[in-house]
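I opened a new structure today and kept notes as I went. The entries follow the order in which I looked things up.

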Amino acid sequence: MPRQDTQGPTRPGPPPTAVCVGESMAVLLPDRPGPLESVESFRLSVGGAESNVAGALAAHGVPTAWISRVGDDGFGRRLLAEVAARGVDVSAVAVDPHRPTGLYLKEVGGTTGDRHDLGPGRSRLHYHRRGSAAAALSPDLLADPAAAALLVGARLLHLSGITAALSDGCLALLRGLLAERRPNRTVSFDLNWRPSLWRERDPAVLPPLLNAADLLLLGADEAEAAFGTGDPAALRRRFPGPATVVVKEAARQVTVLDRDGTAVTEPALAVEVVEATGAGDAFAAGYLAGTVRGLDQRRRLRLGHLSAACALTAHGDQAELPDAAVVTALLDATPAQWAATRVTAAGITGPALPAGHRRQTDRAPSTDRTRAQ
């Protein structure tokens with residue numbers, strides 16, 4: 001059957017160093033906290049793990065493309081425009097005339113007193129993605145000239161477990177991408193465990209996918225839910241295939257374990273949280289950017305922590321990064337200087353920062369203090 005879709009817009013620029021493949025959706029954000037029935041209006045945005053990582057990689061200066069499918073509708077056009085505006089190549093995103101762009105609504109807890117209110121600091125996402133354009137991704141993508149041209153030269157290919165849960169075609173695509181080994185290309189895979197996606201699908205398909213990657217990213221809590229353990233050493237034994245396994249232990253620290261037995265653990269930064277959405281994707285992008293740049297493991301972890309910390313102090317899934325001088329100073333900081341660094345919506349403070357440097361924003365700070373993950 002001939003393809004019915006058309007290609008997304010081309011964004012000029014250098015060939016991408018990194019390619020992210022997977023779903024993205026339109027997002028409706030409420031104008032106030034409380035149960036959905038009390039919300040008067042919503043603000044339109046976009047979100048998705050792989051497109052979030054693509055945008056954050058581009059912000060780190062890594063030429064990046066995102067490959068997916070969107071519907072031939074307003075949500076799809078908005079999504080393409082916003083991802084492209086982040087500096088991401090969307091030239092291989094297919095526009096499907098028959099399937100809609102996926103959508104989710106965010107519900108934010110408050111202090112309304114309503115029995116359906118989630119409560120302060122809590123949120124819930126309501127997904128409407130069944131039958132979406134992204135769910136129609138399949139191995140046909142590998143024969144698409146636009147996608148193939150991006151994939152062939154990429155030094156980094158980033159995938160996630162979300163795609164495996166969307167459809168049989170999406171699962172087959174991941175298997176095809178993981179089987180197509182190329183010299184000088186690293187394939188990273190983020191578990192991104194979403195229990196609701198696996199209610200009607202068998203999660204037993206996940207371990208072989210994870211074990212086929214070169215670089216595996218796991219949240220300890222997610223791994224505990226999916227595989228029965230969040231212990232970094234146990235997960236390294238469970239997945240011997242990847243050269244590197246990265247385990248994010250909630251808001252405390254992240255440990256990277258190489259195949260040769262080397263392990264490096266780096267504590268998270270102290271952060272005054274505005275909103276937690278997107279922090280995991282931001283960490284992945286920072287760590288992967290450090291990988292592309294050839295940084296040592298401790299600096300890769302620090303770049304991931306810093307990227308996540310900036311996301312935690314921003315509304316939405318994307319955040320502004322500090323300037324290069326601040327980034328360099330923090331990557332080179334002593335352990336004591338790193339531990340004394342604080343990230344808030346008003347800026348970054350700490351003894352390692354160059355004189356006169358502070359990341360300034362116009363966001364109001366939150367009183368919820370935690371650590372980036």
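I began with pLDDT, the predictor's confidence in each residue, from 0 to 100.

**Ground rules.** This is a predicted model, where local features need pLDDT of at least 70, side-chain atom pairs count only at pLDDT 80 or more, and totals for chains, interfaces and linings use all residues. Residues are numbered from 1 along each chain as its sequence is written, and side-chain values use heavy atoms, with hydrogens and water left out.

**Confidence.** I found a chain mean pLDDT of 90, with 90% of the residues at 70 or more. Where does pLDDT stay under 50? Residues 1–11 are one such stretch, with 34 contacts beyond four places in sequence. Residues 359–373 are another, with 55 such contacts.

**The sheet.** I took helices (H or I, at least four residues) and strands (E, at least two) as DSSP runs, numbered from the N terminus. Two strands pair if DSSP finds at least two bridges between them. I traced an open sheet of four strands, in the order S4-S3-S8-S9, with mixed pairing. S4 (42–47) and S9 (123–128) are the edge strands; each has a single partner strand, so one side of each lacks a neighbour in the sheet. Neighbouring strands are turned by 25 degrees against each other on average, direction ignored.

I then checked S3 (residues 25–30) against S8 (residues 103–108): they run parallel, joined by three bridges. Leu28 has Leu105 as its bridge partner in S8. Helix H2 (residues 74–85) packs on the sheet and touches S3, S4 and S8. Its direction makes about 60 degrees with that of S4. For such angles, axes are lines fitted to C-alpha atoms, for helices over the stretch in contact, and angles run from 0 to 180 degrees between N-to-C directions.

**H9 on H10.** I looked next at H9 (residues 279–292), which packs with H10 at about 150 degrees, the axes 7 Å apart. The contact includes Phe283 and Tyr287 of H9 and Leu301 and His305 of H10.

**H10 on H11.** How close do the axes of H10 and H11 come? H10 (residues 297–312) and H11 (residues 324–331) have axes that come within 9 Å and cross at roughly 130 degrees. That makes H10 oblique to H11 (under 35 degrees is roughly parallel, over 145 roughly antiparallel, 65 to 115 roughly perpendicular, the rest oblique). I listed Arg299, Arg302, Leu303 and Leu306 of H10 against Val327, Leu330 and Leu331 of H11.

Terms used:
Contact = heavy atoms within 4.5 Å.
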